[in-house]
Amino acid sequence: MNEHDAPEVLDLDEKLASFDALWTPHRIARFDGHQLLLAKVEGEFVWHDHSDHDEVFMPLTGVLTMDLEGAPSRRVGPGQVLVVPAGVRHRPRADEGPVSMLVIDPMG
């Protein structure tokens with residue numbers, strides 16, 4: 001392994017401090033055809049789905065509420081992970097205050 005192939009240690013606090021935009025995920029890493037996104041959110045997003053892939057949400061700070069069509073809403077906070085299956089309409093909300101989170105999605 002040469003220096004250019006060596007894994008990078010990502011400082012999440014440093015990455016979070018580098019942007020202020022809400023609901024605009026920032027790619028911080030790529031792996032096995034997936035991307036690791038860092039996002040800041042507050043309020044609510046729109047109802048949507050991803051017909052071809054699951055979506056993974058991992059709050060770092062705050063509590064995220066995920067509204068799920070046809071199912072009870074789920075609350076997820078730091079130390080917890082929520083996987084929204086492909087094809088499930090969902091709406092993320094951060095109505096208890098700001099949330100910073102990691103999201104895993106396929107590339108593209």
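From the N terminus on, the elements of the chain run α-β-β-β-β-β-β-β. That makes 1 helix and 7 strands. Both kinds are DSSP runs, numbered from the N terminus: helices are H or I with at least four residues, strands E with at least two. This is a predicted model, in which local features need pLDDT of at least 70 and side-chain atom pairs count only at pLDDT 80 or more, while totals for chains, interfaces and linings use all residues. Residues are numbered from 1 along each chain as its sequence is written, and side-chain values use heavy atoms, leaving out hydrogens and water.

Start with the overall form. The C-alpha trace spans about 50 × 30 × 25 Å along its principal axes. Of the 108 residues, 36% count as buried. Buried means under 20% relative accessible area, exposed over 50%, and partly exposed in between, with a 1.4 Å probe and protein chains only. Among contacts with a separation of 6 or more, 62% join residues 24 or more positions apart. A contact here means heavy atoms within 4.5 Å.

Now go to His90. This residue lies in strand 7, residues 90–106. His90 counts as buried because its relative accessibility is 0%. The side chains of His90 and Glu55 are joined by a polar contact of 3.0 Å. A polar contact is a pair of N or O atoms within 3.5 Å; within protein, one must be able to donate a hydrogen and the other to accept it, and residues adjacent in sequence count only if both atoms are side-chain atoms. A polar atom of the His90 side chain also lies 2.9 Å from the backbone oxygen of Val88. Leaving aside residues up to four places away in sequence, His90 touches several others, including Trp47, His48, Asp49, Phe57 and Leu68.

Next comes the largest pocket. It holds about 190 Å³ of space. A pocket is found on a 1 Å grid over the protein atoms alone, as an open set of points where a 1.4 Å probe fits, with protein on both sides within 12 Å along at least five of seven lines; lining residues have an atom within 4 Å of a point. Grid points are joined across faces, edges and corners, and the volume is the space filled by probe spheres set on the points. Of the 15 lining residues, Trp23, Pro25, Phe45, His48 and Glu55 are the closest to the centre of the pocket. Strand 7 gives the largest share of the lining, 5 residues.

Trp23 sits in the loop between helix 1 (12–17) and strand 1 (26–31). Its phi is near 60°, a positive value in a residue other than glycine. The side chain of Trp23 reaches the backbone oxygen of Glu42 at 2.8 Å. The C-alpha atoms of Trp23 and Val41 are separated by 5.2 Å, though these residues are 18 residues apart along the chain.

End at Asp32. This residue lies in the loop between strand 1 and strand 2. Asp32 is not a glycine, yet has a positive phi of about 45°. With a relative accessible area of 74%, Asp32 is exposed.
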